[in-house]
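Take a look at the fold below.

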Amino acid sequence: MEIGKRIIVLRERKGWSTNRLANLCGLSQSFLRAVELGEKGISVESLALVCDAMGISLKTFFDWPGEEPPEDEFDRRLEQLTPYQKNALFRFLDAMLEDRSE
């Protein structure tokens with residue numbers, strides 16, 4: 001498993017530089033670049049920070065089989081909704097959030 005290459009694919013898919021990802025996850029740019037190039041290993045804790053910054057779980061990171069990681073399922077489904085459906089979903093989410101605060 002080439003973790004560094006997977007990080008690169010995910011990062012580039014978002015259009016992010018190594019510096020931007022490093023800033024978002026709290027790791028140094030030089031360390032992150034060394035991981036991407038396969039020069040250094042990365043701890044599970046640091047990889048979790050990278051995944052959190054990119055909006056995916058560790059499970060998703062490790063589950064995708066090839067060079068293209070899976071798209072975020074929620075985003076993919078949200079894009080398929082009509083404007084009416086999106087509005088209904090947002091109303092539902094608002095109601096769920098209000099209910100949670102009680």
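Predicted model: local features only at pLDDT ≥ 70, side-chain atom pairs only at ≥ 80, totals over all residues.

Residues are numbered from 1 along each chain as its sequence is written, and side-chain values use heavy atoms, with hydrogens and water left out.

Begin with the core. The largest nonpolar core has 17 residues. Such a core is a set of buried Ala, Val, Leu, Ile, Met, Phe, Trp, Tyr and Cys residues joined through side-chain atoms within 4.5 Å. Buried means under 20% relative accessible area, exposed means over 50%, and partly exposed lies in between (1.4 Å probe, protein chains only). I7, L21, L47, V50 and F61 touch the most other members. At least two residues come from each of α1 (3–13), α2 (18–25), α3 (29–36) and α4 (44–54). Helix α4 gives the most, with 4 residues. Helices here are DSSP runs of H or I, at least four residues long, numbered from the N terminus.

L47 shows how the packing works out. Not counting residues up to four places away in sequence, L47 touches I3, I7, I42, L58, F61 and F62. Contact means heavy atoms within 4.5 Å.

Now turn to α1. Its buried residues are G4, R6, I7, I8, V9, L10 and R11. Their cover includes α2, α3, α4 and α5 (58–63). G15 follows α1, with a positive phi near 75°.

Next comes α2. Here T18, L21, A22 and C25 are buried. They fall within an arc of 100° seen down the helix axis, so they line one face of α2. The arc is that of the directions from the helix axis to the C-beta atoms. These buried residues pack against α1, α3 and α4. Just after α2, G26 takes a positive phi of about 80°.

Finally, the surface. F74, F90, F92, L93 and M96 make a nonpolar patch of about 500 Å². Patch residues have over 30% relative accessible area and no salt bridge; nonpolar side chains (Val, Leu, Ile, Met, Phe, Trp, Tyr) are joined within 5 Å, like charges within 9 Å. A salt bridge is a side-chain nitrogen of Lys or Arg within 4 Å of a carboxyl oxygen of Asp or Glu. Accessible areas come from the Shrake-Rupley method with a 1.4 Å probe; for residues, only the protein chains shown count as cover. Helix α7 (residues 83–100) gives the most to the patch, with 4 residues. M96 sits in α7 and is partly exposed, at 46% relative accessible area.
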